[in-house]
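User: I have a model open here and would like to talk through it with you. Could you take me through what has been computed for it?

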Amino acid sequence: MAEEELEILAGLNRAQREAVTETEGYVRVLAGAGSGKTRALSQRFAYLVNEIGIMPGNILCVTFTNKSATEMRKRIHLLTGDNDTGYINTFHGFCVSVLQEDSYAVQYPKSFLVLDNSDIDAMLKIIYEERQLSLRDMTFAKARDMIEIRKIFTEPRYYEDMIAMSLDGIKEKYDRAVEPADIIFYGYLYQEKKCFGLDYNDLIKFTLYIFEQKEELRLKWQQRLEYIMIDEFQDIDELQYRLMKILCGYHKNLFVVGDPDQTIYTWRGANIRYLLDFDQAFSPTKTIYMMENYRSTPEILAVANDLIAHNRNRIEKDLQPTLPCGESVLCASNASPEEEAKWIAQEIAKLHEREVPYRQIAVLYRAHYLTRSLEEVFLQAELPYTLYSGIHFFDRKEIKDALSYMRLIAYRDDLSFLRVANVPKRNLGERRMAFLQEYAAQNGCSLYEALRQSLDQELFQRTKAKALVELVEEFSASYSGRPVSEVLAALLDASGYERMLRTEGSQERLDNLAELKQAIYEYETSCGEEAMLEDYLSRIALLTNSDTAETGDKVKLMTVHAAKGLEFPYVFLCGLNEGIFPSRKTRTQQAMEEERRLAFVAVTRAQKRLYLSAASGLNFDASLRYPSRFLLELDDGLLEYAQPVPALTRQDAQAYIRDMDRRMAAANAPKKAAFAKGDRVLHRIMGDGEILAVNTDKGAYVIKFADIDTPREISFKAKLEKIL
Ligand code: ATP
Ligand code: MG
């Protein structure tokens, strides 16, 4: 059949058709926002399955967020009519699949736990209590970051210990640690190994380990994955790159799509070079360019093009509109964040009067904290909205509790046990828990097992421990093969959890549980009869808030990062102020360019109309707030001003921006050394010394002082005099 007649190719342009039908070898699509990259990717999946007859289970399709994976699965299901949608997942989700099959290769059980932030916090709590650390030593958020940084950058081979060492071996490291950071790090590794828990970093590291070290398994996966496709390739990091490079090593079919102007994760290790140098790493590569934009009006694209053109470090390209002209890009400079929120609410009300449904409207911002004034005004104005960032549905207490009950019957792990053993009250308070901790440590068993073995002890006589053990035993023996939603409903009933909420009158919590049951039910219907409790539990741990906000006719509030890859008819981009967007943490020109790319991602989400807003006034530290350079640098002719930036404010802002840029340049200027290697110098406090090395990148000398045994790094800024 000639290509033109294929239904699957209808509605695609030439470049997209090429992307869909060039199925063999290395193919790279370099194209701008809204040019149909993701659409081509999903059509390609359908083409492989429907036209070539490839089994979906032999295709790996990697998306950036769970939300896009879910959407892609739905689309593929529609296009292929097949229930088996293969491996359509995020990198982390795919790693869970690999480990569920092959975790024995790292001596982990198939029933490993995927840890999310609140699990990590629960572990930190145990460590802090055990070693008497306080939040003053380190907050949980800092501790989580520290652990991540050590795992990615400073101790990248930590996983070898986790795999090779016995639990006792890791515990010894923990016991020997003295510095809070070491205590926390090794304590965390110990806690993880104890419950066979894996956090997001471990998922990737362990999978890579399997592929790099276990030849047979590598070959199995390489042979299975005949076609690999990756969306948003501009934000791939080193580990993900290594992973997919190995995976495509057998069939050599790799298809990647990306847009260099939308790299927004270099702060987390993403590297644009993987996209730009793809053709050198994978030869021969066919590169396909897509020029036309199908998403936004010419007005919106003109603003997007003008904005991104201010980045120096980029390959020039303009987005070409295909849609007819529409409404102007509307801008407002407001007196305060409250005024700004009110303006947004007013404009939304106007749209709603024109019968635009709320769900077609998104408000995007740089940072979570900006939602406060928006939420206040929206609540007052009775404007329905949902927050795609903020408290995670799956972080809510009742949801965590319900999931912990399910984890307890599947894994009998300590984390879940600690969470629900005494909820509802079973008289298992601190004293009895302490006994169990002690017993478990002595006998090398889990807390649950400790309780099971201690039921006859006097200490547990006036408790409901026996009922709890009976509950767990009964459900453990009977859950497999039953629908997950049914297990949950029965468990919430038999455990007395729902009764407790009813007695407390917590209707909202009960509603949330109902929502959970609904979500599980939908999960079951989407993946057929094989929905296993363990699969569901590991999937849940990978979800983020942007995946789970409720539906309904509501305005969507989310960060720009969460909006990546999505599109909305009406977009408000708010908080366009220096210190907010660009963020005050921007310290280098490269970081400034990344902020601008982030603004570009925001702007290119809009289909019909874009609104930009800023607020003057004072920052919380009493400094003045200026409109963002991203707003000021736009050509005025491209904007309609609902409320213009006052001329004086504009002048002040420009002076402020120039000053900031100058300071940034000075701080980043290459550092000059006043002395050379071999020079002898005098330090006011340390005395005589000799310069052993000069490190210009760091701006420091390595000096061996006569009176000090080991050399020290001393900053260029220190006062030194040359000894002749
Ligand atoms: P981003 O870089 O933001 O991820 P993208 O390149 O992935 O964008 P898509 O999301 O695939 O772009 O497509 C943008 C919009 O254009 C979607 O609404 C899509 O349905 C539509 N579209 C894509 N290709 C075509 C086409 N050939 N004809 C008409 N509409 C199209
Ligand atoms: Mg896309």
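User: Let's start with threonine 38: which residues is it in contact with, leaving aside its neighbours within four places in sequence?
Analyst: Keeping in mind that this is a predicted model, threonine 38 is in contact with Asp231 and Gly565 once its neighbours within four places in sequence are left aside.

User: And where does threonine 38 sit, and is it buried or exposed?
Analyst: Threonine 38 has its place in helix H2, and it counts as buried because 21 other C-beta atoms lie within 10 Å, where the cut-off for buried is 20 or more.

User: What about serine 35, where is that one?
Analyst: Serine 35 is in the loop between strand S1 (26-31) and H2. With 26 C-beta neighbours inside 10 Å, serine 35 is also counted as buried, and beyond its neighbours within four places in sequence it is in contact with Met290, Met291, Glu292 and Asn293.

User: Which residues does UniProt list as "binding site"?
Analyst: The UniProt record, which is an unreviewed entry, places that feature at Ala31, Gly32, Ala33, Gly34, Ser35, Gly36, Lys37 and Thr38.

User: Okay, on to ligand 1: which residues come nearest?
Analyst: There are 19 residues around ligand 1, and those that come nearest are Gly36, Lys37, Thr38, Arg39 and Tyr294. Helix H2 (residues 37-52) gives the most to this shell, with 3 residues.

User: What's the make-up of that shell by class, and which domains does it draw on?
Analyst: By class, the shell around ligand 1 has 10 polar, 5 charged and 4 nonpolar residues, and it draws at least three residues from each of domain 1 (7-99 + 207-290) and domain 3 (320-384 + 552-667).

User: How far apart are the centres of domain 1 and domain 3, then?
Analyst: Taken over C-alpha atoms, the two centres are separated by 33 Å, and the contact takes 12 residues from domain 1 and 10 residues from domain 3. On the side of domain 1 that touches domain 3, the residues divide into 7 polar, 3 nonpolar and 2 charged.

User: Changing topic, how many helices and strands are in the whole protein?
Analyst: The protein has 31 helices and 22 strands. Its radius of gyration is 29 Å, close to the 27 Å that the globule rule gives for 724 residues, so the protein is as compact as a globular protein of that length.

User: And what share of the residues is buried?
Analyst: Buried residues make up 41% of the 724 residues, and of the contacts between residues at least 6 apart in sequence, 74% join residues at least 24 apart.

Technical notes:
Residues are numbered from 1 along each chain as its sequence is written. Chains are lettered from A and ligands numbered from 1 in the order in which they are written. This is a predicted model: local features need pLDDT of at least 70, side-chain atom pairs count only at pLDDT 80 or more; totals for chains, interfaces and linings use all residues. A residue is near a molecule or strand if its C-beta atom, placed from the backbone, lies within 6 Å of it. Helices (H or I, at least four residues) and strands (E, at least two) are DSSP runs, numbered from the N terminus. Ala, Val, Leu, Ile, Met, Phe, Trp, Tyr, Cys and Pro count as nonpolar, Asp, Glu, Lys and Arg as charged, and the others, Gly among them, as polar. Domain bounds come from an automatic or database domain assignment. The radius of gyration is taken over C-alpha atoms; the globule rule is 2.2 Å times the number of residues to the power 0.38. A residue is buried if 20 or more other C-beta atoms lie within 10 Å of its own, exposed if 12 or fewer, and partly exposed in between; C-beta atoms are placed from the backbone. Two residues are in contact if their C-beta atoms, placed from the backbone, lie within 7 Å. UniProt positions are given in the numbering used here, feature names are shortened, and annotations may be inferred rather than shown by experiment.
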